[in-house]
Amino acid sequence: MLDTHRLRVFRSVVASGSVQAAAANLGYTPSAVSQHVTTLARETGLTLFERAGRGLRATAAGVRLAEQADLVLARIGEAEAVVADLRAGRTGTLSVAYFASVGSAWLPRVVRRLTGDFPGVRLDLRLREWLPDDPADRADVQIAVERPDFAAWPGFSVTPLLSDPYVAVLPAGHPLAGRDEVELAELACERWVDNDFARGWCRRNLVEACTAAGFRPPFHVEAHDYPTALAFVAAGIGLTVLPRLGAAHLPAGTCAVPVVRPTPVRSILAVVRDAVAAAPPVEAALAELHAAVAAGPAPV
């Protein structure tokens, strides 16, 4: 096995033409350079130099070895650069999973930060409404709604991001539209638009709050997502109740009113793979998420 350090010293002697010049270039003593070259010749069993006046000239074998040393040292340099980039978070892949309302409210600023600060990092973005049980499906960073039975997976850590209360989105001309808040029970006889076709935790959380208020929400129209439900409200079809983050961009002709007694709340968290938690892109992503939370949606 050739010693790469000796190859560097040998290459310097070939390039400079003498042990003394190589020693000056490398900051070594001439005896140290000579010892490295002698050891390399012994390890290879080759005569690497011959005398040329007061200097040295590489033999044919030495020239050939120097050519190969250039290739080896170039590859080592590339590997060292990759290692440095990985440590600094400049290359590699970062997978980020998110759910729909976070995708529109927070993800653009997170992606802008990552692509600006770490252009060499490839982002693997995954729209996912649940926390996967299969380890193969888990992203490096997953932004998710906490479910009641969730505990951090082995090798992952949880960072709370936001407690997101629900609001009622009403047509602007609705009798309750000008209120500072509305009790959930006051909506019991209204025409409701469902906004969670997946029947996920956000919907179950709302149904449980309504049950606590003494009724089950009378869904008359079913929409598959928040934007469609909001469009139905704008068309005067009914009202919808959804997390405040989902009401960050309301269509014209609608307004959002906080619901109380009780107030359903969903908890949003980031689940981060421990192996990449200290990587600069992950730290930047979390910092941008916290900044987005701090900025918050416009008051309702």
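C189 takes part in no disulfide, and the nearest cysteine sulfur, that of C210, is 12 Å away. The model is predicted, with local features requiring pLDDT of at least 70, side-chain atom pairs counting only at pLDDT 80 or more, and totals for chains, interfaces and linings using all residues. Residues are numbered from 1 along each chain as its sequence is written, and side-chain values use heavy atoms, with hydrogens and water left out.

**Cysteines**
- C189 has 80% relative accessibility and therefore counts as exposed; the classes are buried at under 20% relative accessible area, exposed at over 50% and partly exposed in between, with a 1.4 Å probe and protein chains only.
- The closest cysteine sulfur to that of C202 belongs to C210 and lies 14 Å away, which is too far for a bond.
- C202 counts as buried because its relative accessibility is 13%.

**Overall form**
- The chain has a radius of gyration of 32 Å, whereas a compact globule of 300 residues would have one near 19 Å; the radius is taken over C-alpha atoms, and the globule rule is 2.2 Å times the number of residues to the power 0.38.
- Along the principal axes, the C-alpha atoms of the chain fill a box of roughly 105 × 35 × 25 Å.
- Nine helices and twelve strands make up the secondary structure of the chain; these are DSSP runs numbered from the N terminus, helices being H or I of at least four residues and strands E of at least two.
- Of the contacts in the chain with a separation of 6 or more, 73% are accounted for by residues 24 or more positions apart, a contact being heavy atoms within 4.5 Å.
- Among the 300 residues of the chain, 40% count as buried.

**Helix α1 and F10**
- F10 is located in helix α1, residues 4-16, and counts as buried because its relative accessibility is 0%.
- Beyond its neighbours within four places in sequence, F10 is in contact with V37, L40, L48, F49, G62, L65 and A66.

**Helix α8 and P227**
- P227 belongs to helix α8, residues 226-234, and its relative accessibility of 59% is why P227 counts as exposed.
- P227 and A247 are 20 residues apart along the chain, and their C-alpha atoms are separated by 8.9 Å.

How values were computed: A disulfide is a pair of cysteine sulfur atoms within 2.5 Å.
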